[in-house]
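Subject: Handover of a structure and notes on its contents

Dear colleague,

Please find below the structure that I am passing on to you. My notes follow it and are meant to be read with the model open.

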Amino acid sequence: MFSGPSSYADSVDNVMLYITGTSVLLLIGITLTMIYFVIRYSRKRNPKATQIEGNMALEITWIVIPTIIVMTMFWYGYSDFAKLRGQAEGAQVVQVTAQMWKWGFEYENGKKSDTLYVPAGQPTKLEMISLDVNHSLFIPAFRIKEDVIANKMNFMVVVPKETGIFDIACAEYCGLDHSYMYTKMIVLDEADYKKWLVDGVVPKIEELKETATPAPTEETGILDISQHADFHLIAEKGCVRCHSTDGSQLIGPSFANLRDGKTTIVVDGEEKEIDVDEEYIKQSILDPNAHVVKGYTKFMMPDENDNMTEEEMKKIIAILMAGK
Ligand SMILES: [Cu+2]
């Protein structure tokens, strides 16, 4: 706390400290008074109770003082909030699309990604819309969160002080895989950001490597489709959050096991083998519940009916079958 990656995070922490501090002072004051009264006015020391009826001065005091305290809390919080929102004017805009259960980001030049890239030292306005149910974009390190709903554009402003990688979560329970609805915000310095945005150069950041797909391995003999020239298409669609390319298991089965001519075991009431071909892959994408891969359940994979053109579908099928 108090050394956040944005000045807004610092002000939220300060408001938090102010509210907690005030509460602790009141708690101590009230508790001490209570203990004093219990002792001072016990039956032994004060056998006959005094009835007090009304005290204008006292009543005004306990209305005015708490009101002032609460209003300062409000003002302290609101003024920083308004200052942050005010920076939306003239900021670069990133379109955010939320859907069960992934995030999509589109930049001013039309570039798309499933990870949010922003430049340090300047404001970025996130214009957010949901394709289905209510979601909420939450960047804990920046202390900002805003609901993302259908039919109404909400916005949020990020002004990072320095470069780094930060978690993005969905903070609105949005169905089965809500708890997997995570991605990252990658803050780059201006030059790196331009390079990424315009030339597509992915920066070498240590933490980035951790999540990057490993190169093809000799031992497993798995051809790594992530090396495919069109692979970015699969990454942009967010498939890689659930499907690895190196054989490791994420939320769904690894793409490494999908090859033309191979079979996969599905459970449709009963277990059976099914040939992996174009038809099967197409159906898996458009109607994921038609055949459910052994070890998984229905409704885990969002269908892509409204999100994929014929063209993209063809390419994706070709990539997935590239190990032929
Ligand atoms: Cu969500």
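Two strands are said to pair if DSSP finds at least two bridges between them. Helices (H or I, at least four residues) and strands (E, at least two) are DSSP runs, numbered from the N terminus. The model is a predicted one, in which local features need pLDDT of at least 70 and side-chain atom pairs count only at pLDDT 80 or more, while totals for chains, interfaces and linings use all residues. Residues are numbered from 1 along each chain as its sequence is written, and side-chain values use heavy atoms, with hydrogens and water left out.

Strands and sheets

In general, the strands of a sheet pair through backbone hydrogen bonds, in either a parallel or an antiparallel manner. Strand 11 and strand 12 run antiparallel and are joined by 6 bridges. Within this pairing, Ile 265 stands opposite Glu 273 of strand 12. The two strands form a hairpin with 1 residue between them, where Gly 269 takes a positive phi near 80 degrees.

An open sheet of 5 strands shows mixed pairing and has the order 3-2-1-5-8. Its edge strands, each pairing on one side only, are strand 3 (112–113) and strand 8 (154–158). Inside this order, strand 1 (residues 92–99) and strand 5 (residues 124–130) run parallel and are joined by 7 bridges. Val 93 stands opposite Lys 125 of strand 5.

Strand 10 (residues 182–188) has two pairings to examine. With strand 4 (residues 116–119), strand 10 pairs in the parallel sense over 4 bridges, and Pro 119 stands opposite Leu 188 of strand 10. With strand 9 (residues 164–170), strand 10 runs antiparallel, and 6 bridges join the two; here Gly 164 stands opposite Val 187. Strand 10 is mostly covered, as 5 of its 7 residues are buried. Buried means under 20% relative accessible area, exposed means over 50%, and partly exposed lies in between (1.4 Å probe, protein chains only).

Salt bridges

A salt bridge is counted when a side-chain nitrogen of Lys or Arg is within 4 Å of a carboxyl oxygen of Asp or Glu. By this rule there are 10 salt bridges, and three of them may be of interest to you.

Lys 83 counts as exposed, at 59% relative accessibility, whereas Asp 80 counts as buried, at 15%. The C-alpha atom of Asp 80 is also separated by 9.4 Å from that of Ser 7, which is 73 residues apart from Asp 80 along the chain.

Another salt bridge joins the side chains of Lys 237 and Glu 312 (3.0 Å, N to O). This pair links distant parts of the chain, 75 residues apart: Lys 237 is in the loop between helix 5 (231–236) and strand 11 (263–268), and Glu 312 is in helix 7 (residues 310–320). Lys 237 is buried, with a relative accessible area of 11%, and Glu 312 counts as buried at 18% relative accessibility.

Lys 294 and Glu 271 also form a salt bridge, with closest N and O atoms 3.5 Å apart. Here too the pair links distant parts of the chain, 23 residues apart, with Lys 294 in the loop between helix 6 and helix 7 and Glu 271 in strand 12. Lys 294 counts as partly exposed at 43% relative accessibility, and Glu 271 counts as partly exposed at 49%.

Surface patches

Patches are made of residues with over 30% relative accessible area and no salt bridge; like charges are joined within 9 Å, and nonpolar side chains (Val, Leu, Ile, Met, Phe, Trp, Tyr) within 5 Å. Accessible areas come from the Shrake-Rupley method with a 1.4 Å probe, and for residues only the protein chains shown count as cover. Lys and Arg count as positive and Asp and Glu as negative, with His and the chain ends not counted. The place of a charge is taken as NZ of Lys, CZ of Arg, CG of Asp or CD of Glu.

Glu 273, Asp 275, Asp 277, Glu 278 and Glu 279 form a negative surface patch. Strand 12 (270–275) and helix 6 (278–286) are the elements that give two or more residues to the negative patch. Glu 273, in strand 12, counts as exposed at 57% relative accessibility.

A nonpolar surface patch of about 740 Å² is made by Met 56, Leu 58, Ile 60, Trp 62, Ile 63, Val 64 and Ile 68. Of these residues, Ile 68 lies in helix 2 (residues 56–86).

With kind regards
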